[in-house]
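The following exercises are to be worked with the sequence and the coordinates at hand. Each task is followed by a solution in steps.

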Amino acid sequence: MDSKEFDKYIKSKIQNSESVVPDGMFERIMAEQNRRRPVAFIPKYLMVGLLAVIAAGAGYFTYKKLNTNNNSLESIAENKAIEKIVTENNTSSQTDNTNQTTENSNNSPVNETSEHFNDNNLKNNNTQTEQSSIENNTVNNSDDKNKTTKKNSNKTDEYIVGSGPENDYDFGFDVVRTNESTNAGSVSDKNFKPKYAAVKQARNSKSVSGEMLKANNKLKSSTPASLAVAASGGSIDCPPAGQKPRNDFYVEGYLSPDFSFKKYNNQALPQHFGMLKDSTESQMLGFTAGLRVSKSISEHWLIKAGLQYSQINERFKFRSEGETRITTVITIRQVVRLPGDTVYVSDTSTVRQTGYRVMQGTNTYKNFDLPVLFSYEFGHKESGLKYAVTAGPIFNLTTKSSGNIVTKDYRAEAFDNKHNKVYKNNWGMSFYTGISIIKNVSPKLDVFAEPYYRFRLSNMANYSAGFKQKFNTAGISFGLRYNLNKVNE
Amino acid sequence: MAVCNRYANDAMEAEDMMQEGFIRIYMYMHQFKFEGSFEGWMRRIMVNVALKILRKKRLDFYEINDKAANAPRMDNYAFSNLGEADLMKLIQELPSGYRTVFNLNVIEGFSHDEIGKMLNIESSTSRSQLVKARKLLQAKIEKLHKIAV
């Protein structure tokens with residue numbers, strides 16, 4: 001028989017051969033299929049939910065920012081109109097020579113900058129102050145070009161300190177105005193009106209962004225480095241005028257009911273062991289409690305660190321088949337043969353029962369952790385409500401596990417950190433993300449609620465266990481925070 | 001189950017293959033286009049799953065007992081009393097690399113080039129493994145025949 005014949009023979013024999021499918025195979029397949037489904041879907045929904053909440057938060061914040069921007073634009077336009085009238089009046093009282101000097105001095109970039117900051121100053125004060133400030137400025141320009149430039153440069157430094165965060169959005173428009181005002185200050189009313197009308201139209205049509213962009217570019221080249229950052233879209237995180245920078249130092253205490261999702265991955269054990277393990281273990285409600293301190297590092301950002309304890313609970317229920325119970329039965333019989341002659345007969349027998357035994361218990365995993373989190377806070381001061389997005393790593397310091405586990409030869413076995421070390425003493429790092437709602441209840445005290453998700457990055461099982469496992473936790477923290485370093489406003 | 005048994009090292013592994021295979025079949029059932037036979041489609045999935053599981057365990061394409069490759073040709077009588085179960089058992093006894101190539105080529109009908117791509121090996125390796133698998137299997141049958149006689 002040659003190779004081809006041999007192959008043909010084997011194929012004919014084997015190809016359509018049938019094997020007996022083990023009992024319960026399809027039940028196991030269905031169980032495995034059902035087990036896999038929720039694991040695949042829960043994180044997806046959580047992720048989508050989390051993204052939606054973050055997007056909503058970002059949207060709200062952006063909307064709020066835009067509103068502030070529009071308000072400031074409107075107020076600038078009003079100020080500008082008043083300012084122009086004053087400037088025109090001043091200009092008309094000057095000689096032609098003065099006009100020329102003003103025009104020359106306005107060509108200096110330093111002067112443009114100084115005017116810009118003058119405007120910021122004007123905006124913060126009342127209309128009366130604005131008028132006088134501009135009058136002085138114009139007069140100074142006409143008196144001595146060099147002197148004015150120097151003086152205005154000094155003012156620039158002064159106003160950088162005094163300008164508030166609300167002015168961050170004003171740069172672009174201010175420069176548009178500055179260019180116009182320089183022309184308007186030197187040229188006649190005819191030139192001013194069309195330009196002002198154009199700006200007004202741009203404002204009405206909400207298409208100021210192009211103008212702002214041009215102005216920002218111009219500012220970049222003419223302002224100090226710190227202001228160039230602001231002009232290019234970054235913000236200088238300054239406190240509002242007349243206030244000290246935020247220097248909050250909180251102590252936070254929190255308690256959270258949570259639920260952990262087990263993720264199991266088989267390594268060296270038969271695949272059905274996973275199902276066996278899964279069928280004996282079911283998750284229960286756990287909790288997390290902790291204390292942390294948080295320190296503001298800027299107007300919106302806080303860094304948080306502390307210590308927390310979290311406990312994952314798991315119900316263990318194991319039904320052991322083929323258990324035998326032997327009961328010894330002693331029967332004592334009394335035989336009265338004659339009066340006074342009584343014999344006691346004792347029979348000892350055993351009853352052997354075969355059945356099943358159910359073992360029940362709770363497996364506990366106690367984690368001691370060190371969270372290092374970053375939080376971004378925003379919200380209304382008036383309503384006393386704040387929102388925060390918090391994220392960061394949590395480092396596990398130590399973990400104590402105890403309970404029972406099923407073995408691959410279908411026995412229940414106790415485990416803990418000292419004897420049967422199934423799980424590691426340190427579960428490594430996990431990633432925490434949460435969204436907080438903070439309500440101010442007194443000047444120094446806040447209450448907060450923080451739904452969170454904790455994603456563990458490392459395997460918690462020892463190598464010798466033959467499988468990989470980790471818990472991801474979702475919960476909601478309720479807590480109090482006390483400000484130890486409140487700056488009174 | 002028979003397909004899984006042919007590729008697996010033991011019954012436990014075969015069960016794992018079958019379980020994984022059926023989960024995939026349920027998962028991708030909607031992708032079946034009713035263009036070929038459903039049985040063939042299922043068989044192909046089972047084979048792919050079996051290969052995936054074997055690949056995880058790293059197939060060993062090692063040379064064992066080179067003398068077996070020069071085993072004498074067998075007479076036809078040796079096959080006559082060979083049952084299906086015996087043959088399956090003999091195939092299962094083959095080293096995993098030999099067995100996989102033998103199954104893929106002889107039973108499933110894949111070419112050596114296709115096997116090379118599936119197992120990430122050279123087609124020449126596939127050819128040599130097949131020859132050696134065949135010889136080893138023949139030697140085992142011969143041995144069984146001698147014991148029976």
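**Exercise 1. Describe the make-up of chain B.**

*Solution.* Step 1: chain B contains 9 helices and 0 strands, where helices (H or I, at least four residues) and strands (E, at least two) are DSSP runs numbered from the N terminus. Along the sequence, the pattern reads α-α-α-α-α-α-α-α-α.

Before going on, note the conventions. The model is predicted: local features need pLDDT of at least 70, side-chain atom pairs count only at pLDDT 80 or more, and totals for chains, interfaces and linings use all residues. Residues are numbered from 1 along each chain as its sequence is written, chains are lettered from A and ligands numbered from 1 in the order in which they are written, and side-chain values use heavy atoms, with hydrogens and water left out.

Step 1: of the 149 residues in chain B, 51% count as buried; buried means under 20% relative accessible area, exposed over 50%, and partly exposed in between (1.4 Å probe, protein chains only).

Step 2: chain B has an accessible surface of about 7,900 Å², and carbon and sulfur atoms hold 51% of it. Such areas come from the Shrake-Rupley method with a 1.4 Å probe; for residues, only the protein chains shown count as cover.

Step 3: take the contacts (heavy atoms within 4.5 Å) in chain B between residues at least 6 apart in sequence; 73% of them join residues at least 24 apart.

**Exercise 2. Characterise the interface of chain B and chain A.**

*Solution.* Step 1: the size of an interface is often given as the accessible area lost when the parts come together. Between chain B and chain A about 3,000 Å² is buried, 61% of it from carbon and sulfur atoms; this buried area is the accessible area (1.4 Å probe) that two parts lose on being put together, summed over both.

Step 1: chain B supplies 31 residues to the contact and chain A supplies 30 residues.

Step 2: the interface holds 2 salt bridges, each being a side-chain nitrogen of Lys or Arg within 4 Å of a carboxyl oxygen of Asp or Glu. In one salt bridge, Glu15(B) pairs with Arg28(A) at 3.2 Å, N to O.

Step 3: on the side of chain B that touches chain A, the elements giving two or more residues are H1 (2-7), H2 (11-27), H6 (84-93), H7 (96-107) and H9 (123-148). H2(B) gives the most, with 9 residues. By class, this side has 18 nonpolar, 5 polar and 8 charged residues; Ala, Val, Leu, Ile, Met, Phe, Trp, Tyr, Cys and Pro count as nonpolar, Asp, Glu, Lys and Arg as charged, and the others, Gly among them, as polar.

**Exercise 3. Where does Glu450(A) lie, and what does Glu450(A) touch?**

*Solution.* Step 1: Glu450(A) lies in strand S9 (residues 445-456) of chain A and is buried, with a relative accessible area of 1%. Step 2: a network of salt bridges links Glu450(A) with Glu252(A), Arg292(A) and Lys304(A). Step 3: not counting residues up to four places away in sequence, Glu450(A) touches several residues, including Thr390(A), Tyr432(A) and Gly475(A). The C-alpha atoms of Glu450(A) and Gly475(A) are 8.3 Å apart, at 25 residues apart in sequence.
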